[in-house]
Amino acid sequence: MARVLQVTPATVASWIDQGHLKGHKTPTGRRRVASADLVAFLTAHGMAVPNELGKSGGRSTVVVVEDDPGYLKALARTLAREAPEVEVIETTTGMDGLLEIGRVEPDLVVMDYALPDLNAVQLVERLVDTSKRLTAQVIIVTGGLPATAENDLRRLGVRAIVNKADGMWVVIEAMRRALESRKVA
């Protein structure tokens, strides 16, 4: 539970004792929280619900790593309107993206090529490291790539590279295809 909430076990115990998180104490002094109560707590506090908690019936989670705040908000708004079954986790740097991907284990990762701290090749290399066990597909959405980057990304397993100039609907359609292929698999 502490891992999901990203706090120490002592903090979780304190929250239960103070009534912030619904739970109970076992006869041996351990604290227990029903998964439904944890999901309610996460939802009430605007936090992502990890897949292992059997989150919201059929909702897919997408982590979007994009440093352009205008494009990020436009993509999130379009997804909320066109694909309400998709939960969007927004990040603006590669490192924040890595943290969120590790935390929520998304169904799909959508990222810009050029980020302030890492480029998409560096980020995908970290994601495909066998110790990370990434099962999500990665889509690159970019305004342009260096000549060798596309080959590097394809070698790392990226199937979809979409140009921002092609429009938001092309990005949304690529996301739908990736999520659908995941459901079929």
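1. Two strands count as paired if DSSP finds at least two bridges between them. Strands here are DSSP runs of E of at least two residues, helices are runs of H or I of at least four residues, and both are numbered from the N terminus. With that in hand, Met111 stands opposite Ile140 in β6, and four bridges join β5 to β6, the two running parallel.

2. A quick word on the source: this is a predicted model, where local features need pLDDT of at least 70, side-chain atom pairs count only at pLDDT 80 or more, and totals for chains, interfaces and linings use all residues. Residues are numbered from 1 along each chain as its sequence is written, and side-chain values use heavy atoms, with hydrogens and water left out.

3. On its other pairing, β6 is joined by four bridges to β7 (residues 160-163), again parallel, with Val141 opposite Val162. Between these two strands the chain passes through helix α7 (residues 149-155), and this β-α-β crossover is right-handed (strands pointing away from the viewer, the path from the first strand over the helix to the second runs clockwise).

4. How many residues of β6 (residues 137-142) are buried? Six of six, where buried means under 20% relative accessible area, exposed over 50% and partly exposed in between (1.4 Å probe, protein chains only). Gln137, Ile139 and Val141 cover one side, and Val138, Ile140 and Thr142 the other.

5. Now Leu115, in the loop between β5 (108-111) and α6 (120-127). Leu115 counts as buried because its relative accessibility is 10%. Leaving out residues up to four places away in sequence, Leu115 touches Val65, Glu66, Asp67, Thr92, Gly94 and Leu123 (contact means heavy atoms within 4.5 Å).
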